[in-house]
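Subject: Structure handover

Hello,

As promised, here is the structure for you to look through. My notes on what turned up follow just below it.

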Amino acid sequence: MYSLLKPCKTSAAFEAIPRERFSLDLDLCEEILKNVCTVVAHAGILLIVSDRCEVSIHRDGRLILKTDSIELAGEQTGRIAGWLEGTPAIRKHRDWRNSGRTNPAAGK
Amino acid sequence: MKLISLISGGIDSPVATYLMIRRGVEIVAVHMDNRPFTDEKNLEKTMTLVRHLRDLTGSPIKTYVVPHGPNHITFARNCNRHLHCLFCRRMMYRIAERIAEIEGADGILTGESMGQVASQTLQNIMVVNRAVKVPVIRPLIGLDKVEIIEIARRIGTYEISTLPGLCCTIVPRKPSTSARLVDVLGEEQKINLESLVEKSLEGMYVFSPEAL
C-alpha cells in the first residue's frame, strides 16, 4: 500500500507515501482505528492516532509518522496499512485496479 | 516599553526578540503550542531559545505557553481550507493581545518578514493585522532569510532553531497568498472566536523567569 518512506524536512518525522492515490473517509478510518489504537484528534482533513508512535493520516493516504526511527516508522506504516486495508475507499480502488482499468478516477 | 513576543522554535522570532531586547524593550514571550499538529520538540526548542536569549541579554523573560491545537481543529472543520494560516495567525494575535492586557504590554512582537512564506505577503499581513487593535512590531520585515540567518548565527540561536522539530502538519497544500479581509471575516463568523480565545487562555500556563 505504501511505497516510499522519506524523512520530513527537519528530520523530526517520516512521511509514508501511498503507492496509489486514495481518498480516505477519515470518519470511517476513525471508527476502525479507535478499536486498535488511540485517536488523538480528528480535524476533518486529517486524523491523528497514537500507537507505537503518533501518526497523522491525511485524506489522500499520506502518513506523517512522528518518530526519528525509520524502523519504527516502517513498522507503524505497516500496522496502519493493515488496519485500513478493509476500508471501502481502498476496496473500491482495488476493485477498479483489478478490473483492468488503469485510472481509478475513471470510476467516478 | 513592554512587548508580547510571539515566539516559536523557528529561526525568525528569536532574532526579532533579540533585536528588541537590545533596544531596551521588556519582553514577555508567548509560545503557541500547535500539538498534536507539531511535536513536543518545538516546545522544547522554544524553551531552550528563551533561556538562551535570557542568558545572552541578561533580560528576564516571562513565558506563556498557550494550547493552539484545538483552535486548528475548529478552523479546519468549519472554515475555508485555503485561509487556514490566516485564521491561525489572527487567533494568535488575539490571544497575544489579551495577554498584553494582562501584562500591561504596549504591543505584539513577531518575526514576520515580507514574502517569506505564504502567510506573510503584504496583503495577508494586512488581513492578520486587522484582528487586533494593539500595535504589531515586526523588526525583520525588510530582511531576507539570509540576513536573518546571519544574525541568528551571530547570537547563537540558529543552532537551536534548526534542531529537529516537526513542521505544522495542518498547513494547507495551497495556502492563500492574497486573502481578502471580507472573506476571512465571513469564514470566521462560522465559529465562536471569543469562546476559542477564552478556552485558549484557560489552558495556558506560565513560566516565571526564575522557573525557566
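Before the first sheet, one convention: two strands are taken to pair if DSSP finds at least two bridges between them. Please also keep in mind that this is a predicted model.

With that in hand, take strand E2 (residues 14-18) of chain A, which runs antiparallel to strand E6 (residues 63-66) of chain A and is joined to this strand by three bridges. One of the residues involved is Glu15(A), whose bridge partner in E6(A) is Ile64(A).

These two strands belong to an open sheet of six strands in chain A, with antiparallel pairing and the order E1-E2-E6-E5-E4-E3. Strand E1 (2-7) and strand E3 (38-42) of chain A have a single partner strand each, so they stand at the edges and one side of each is left without a neighbour in the sheet. Ignoring direction, neighbouring strands of the sheet are turned by 20° against each other on average. Helix H2 (residues 70-84) of chain A packs on this sheet, where it touches E1, E2, strand E5 (54-58) and E6 of chain A. The direction of H2(A) makes about 145° with that of E1(A).

Of the 108 residues in chain A, 31% are buried. Among contacts in chain A with a separation of 6 or more, 47% are between residues 24 or more positions apart.

Chain B has its own open sheet, also with six strands, in the order E5-E4-E1-E2-E3-E6 and with mixed pairing. At its edges are strand E5 (136-137) and strand E6 (205-207) of chain B, each of which pairs on one side only. Further in, strand E1 (residues 2-6) and strand E2 (residues 26-33) of chain B pair in the parallel sense over five bridges. Lys2(B) has Glu26(B) as its bridge partner in E2(B).

A helix pair in chain B is also worth a look. The axes of helix H1 (residues 12-22) and helix H6 (residues 145-155) of chain B come within 9 Å and cross at roughly 70°. Angles of 65 to 115 degrees count as roughly perpendicular, and H1(B) and H6(B) are therefore described that way. From H1(B), the contact is made by Asp12(B), Pro14(B), Val15(B) and Tyr18(B), and from H6(B) by Ile148(B), Ile151(B), Ala152(B) and Ile155(B). By type, the residues of this contact divide into seven nonpolar, no polar and one charged.

Which residues touch the most other members of the largest nonpolar core? In this core of 77 residues, they are Ile57(A), Ile4(B), Val30(B), Ala96(B) and Ile108(B). Helix H4 (residues 84-103) of chain B gives the most to the core, with eleven residues. Leaving aside residues up to four places away in sequence, Ile57(A) touches Leu24(A), Leu26(A), Cys29(A), Leu46(A), Leu47(A), Val49(A), Leu63(A) and Ile80(A).

Lastly, the chains themselves: 15 residues of chain B are in contact with 18 residues of chain A. On the side of chain B that touches chain A, helix H3 (residues 69-78) of chain B supplies the largest share, five residues. The residues on that side of chain B are seven nonpolar, four polar and four charged.

Best wishes

How values were computed: Residues are numbered from 1 along each chain as its sequence is written. Chains are lettered from A and ligands numbered from 1 in the order in which they are written. This is a predicted model: local features need pLDDT of at least 70, side-chain atom pairs count only at pLDDT 80 or more; totals for chains, interfaces and linings use all residues. Helices (H or I, at least four residues) and strands (E, at least two) are DSSP runs, numbered from the N terminus. Axes are lines fitted to C-alpha atoms, for helices over the stretch in contact, and angles run from 0 to 180 degrees between N-to-C directions. Two residues are in contact if their C-beta atoms, placed from the backbone, lie within 7 Å. A nonpolar core is a set of buried Ala, Val, Leu, Ile, Met, Phe, Trp, Tyr and Cys residues joined through C-beta atoms within 7 Å. A residue is buried if 20 or more other C-beta atoms lie within 10 Å of its own, exposed if 12 or fewer, and partly exposed in between; C-beta atoms are placed from the backbone. Ala, Val, Leu, Ile, Met, Phe, Trp, Tyr, Cys and Pro count as nonpolar, Asp, Glu, Lys and Arg as charged, and the others, Gly among them, as polar. Angles under 35 degrees count as roughly parallel, over 145 as roughly antiparallel, 65 to 115 as roughly perpendicular and the rest as oblique.
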